[in-house]
Amino acid sequence: MHPFLRPASGILLPLLLSAAGASAETTVSGLVDLYAGSLRYSGDTTSRTVVNSNGMTTSWIGFHSSEDLGSGLRADVAVSGFLRADTGASGRFAAPPETMWSREAFVSLTGGFGTIALGQNLAPHFLPAVLFNPFGNSYTLSPLNLHMDVPLFNASNWTNSVGGDTGWSNQVLYTSPTLGGATVNLHYQPGETAGKSRRNVGANVLYAAGPLALTAFAQRLEVNNPLDLTPGVVQAGTVAPFASGLTAARQNAWMAGASYDFGIAKGYATYGRSSHDIDLVDRTASLGASVPLGLGKIMAGWADTRRSGAAFGPRQKRDTVSAGYDYDLSKRSDLYAVVMNDRISGQGSGTSLALGMRQRF
């Protein structure tokens, strides 16, 4: 599992496995993120004053256990679920309802060959997106993540560019050893249907050498996640047809990205494309930067998506810009303030403001 997902803190519960003479360690860990502010995306008629969860990171709680098997082998099991801390509800959203352990639920075996994991785990595009934008895994305030993964249920009818969600269930995931600074992840999710099987496949590569980091992913979707509500329909953000009445049964998506740490600032850039088996294409570019300042950092990000194709209608464009400051109170706690502007062709622009706090445990 990538270290991005393994917090440094956690409640340690040591377990001794006397039968095998080996030891295992189990941790309970998580994160709670809450913010107050005002939200207005392009296409919204008015602003909403909110106290919400998941401003900079989706809140979660989970368990992870690791056992040293000897001979260079290690076994891991992890289960974790999302929550909305503002109400105490489970999951990222109310509808459709999410399963309890929708963030991850897998077993894995690690050795010199790499890692093989079975179960609920990351989608191929998740790490390339969240590691190559200055707002990390924010699905409220990061322009890149909003364009790729978050639909707008408002008058704009704007759907996210990349389907399949950020996690895939029923998955086989292989992670290679890191060689020359590069790690490769291979993803396979069977559709588990009789007859002609629908399936999702994908891969990503993550490379880091000194101040330079590079990434790329590619994935082919035929199954919706986390719940395949409409079998045979894969359409980013919604299973309802566009105004044309067309729905998609397949999507191909790819993205390449780079970051460079100049010391006084770190820069980010990505470019990606998604296409369907109907006439619908999205092209998304993003730029970002983070600048250390005091006990925190200034963050700025921009994403631009150009949407075209007869399935959607007239060519449209979406631009989103965010800027903010993240202040570290400690290694576990931070405060953040972010302002965001969102604009879609033919729609009024929307401005959002969030003042929040995260705490890891």
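# A guided tour of the chain

Of the 361 residues of the chain, 47% count as buried. Buried means under 20% relative accessible area, exposed means over 50%, and partly exposed lies in between (1.4 Å probe, protein chains only). This is a predicted model: local features need pLDDT of at least 70, side-chain atom pairs count only at pLDDT 80 or more, and totals for chains, interfaces and linings use all residues. Residues are numbered from 1 along each chain as its sequence is written, and side-chain values use heavy atoms, with hydrogens and water left out.

**Stop 1: the whole chain**

Show the chain as a cartoon. Two helices and 19 strands make up its secondary structure. Helices (H or I, at least four residues) and strands (E, at least two) are DSSP runs, numbered from the N terminus. Now think about contacts, meaning heavy atoms within 4.5 Å. Take those between residues at least 6 apart in sequence: 54% join residues at least 24 apart.

**Stop 2: colour by confidence**

Colour by pLDDT, the predictor's confidence in each residue, from 0 to 100. The chain has a mean of 90, and 89% of its residues reach 70 or more. Select residues 1–8. Here pLDDT stays under 50, and the model has 19 contacts beyond four places in sequence for this stretch. Next, select residues 12–21. Their pLDDT is below 50 too, with 15 contacts in the model beyond near neighbours in sequence. Where pLDDT is low, the predicted coordinates should not be read in detail.

**Stop 3**

Select serine 66. It sits in strand 4 (residues 60–70). Which side chains does serine 66 meet in polar contacts? One is that of arginine 74, at 3.4 Å. Another is that of aspartate 76, at 3.2 Å. A polar contact is a pair of N or O atoms within 3.5 Å; within protein, one must be able to donate a hydrogen and the other to accept it, and residues adjacent in sequence count only if both atoms are side-chain atoms.

Move on to serine 71, in the loop between strand 4 and strand 5 (73–84). Serine 71 is exposed, at 79% relative accessible area. Its phi is positive, about 55°, although serine 71 is not a glycine.

**Stop 3: rings**

The whole structure holds four aromatic pairs. To visit one of them, select phenylalanine 63 and tryptophan 101: they are edge-to-face, 6.2 Å centre to centre, with 75° between the planes. The pair links distant parts of the chain, 38 residues apart: phenylalanine 63 is in strand 4, and tryptophan 101 is in the loop between strand 6 (89–90) and strand 7 (104–111). Rings of Phe, Tyr and Trp (its six-membered ring) pair if their centres lie within 6.5 Å; planes under 30 degrees apart count as stacked, over 60 as edge-to-face and the rest as tilted. Phenylalanine 63 is partly exposed at 38%. Tryptophan 101 is partly exposed at 32%.

Now look for charges over rings. The charged end of arginine 103 sits over the ring of tryptophan 60, 3.8 Å from its centre. Arginine 307 lies over the face of tryptophan 158, 4.1 Å from the ring centre. The test is that NZ of Lys or CZ of Arg is within 6 Å of the ring centre and within 35 degrees of the ring normal.

**Stop 4: threonine 57**

Select threonine 57, in the loop between strand 3 (48–53) and strand 4. Is threonine 57 buried or exposed? It counts as buried, at 5% relative accessibility. Beyond neighbours within four places in sequence, threonine 57 is in contact with Leu31, Asp33, Asn137 and Arg358. Its side chain makes a polar contact of 3.3 Å with the side chain of asparagine 137.

**Stop 6**

Select asparagine 154, in the loop between helix 2 (143–149) and strand 9 (167–175). Asparagine 154 is buried, at 14%. A polar atom of its side chain lies 3.2 Å from the backbone oxygen of serine 42. Asparagine 154 and serine 42 are 112 residues apart in sequence, yet 8.6 Å apart in space, C-alpha to C-alpha.

Glycine 163 lies in the loop between helix 2 and strand 9. Glycine 163 is buried, at 4%. End at aspartate 165, found in the loop between helix 2 and strand 9. Aspartate 165 is buried, at 18%, and its phi is positive, near 70°.
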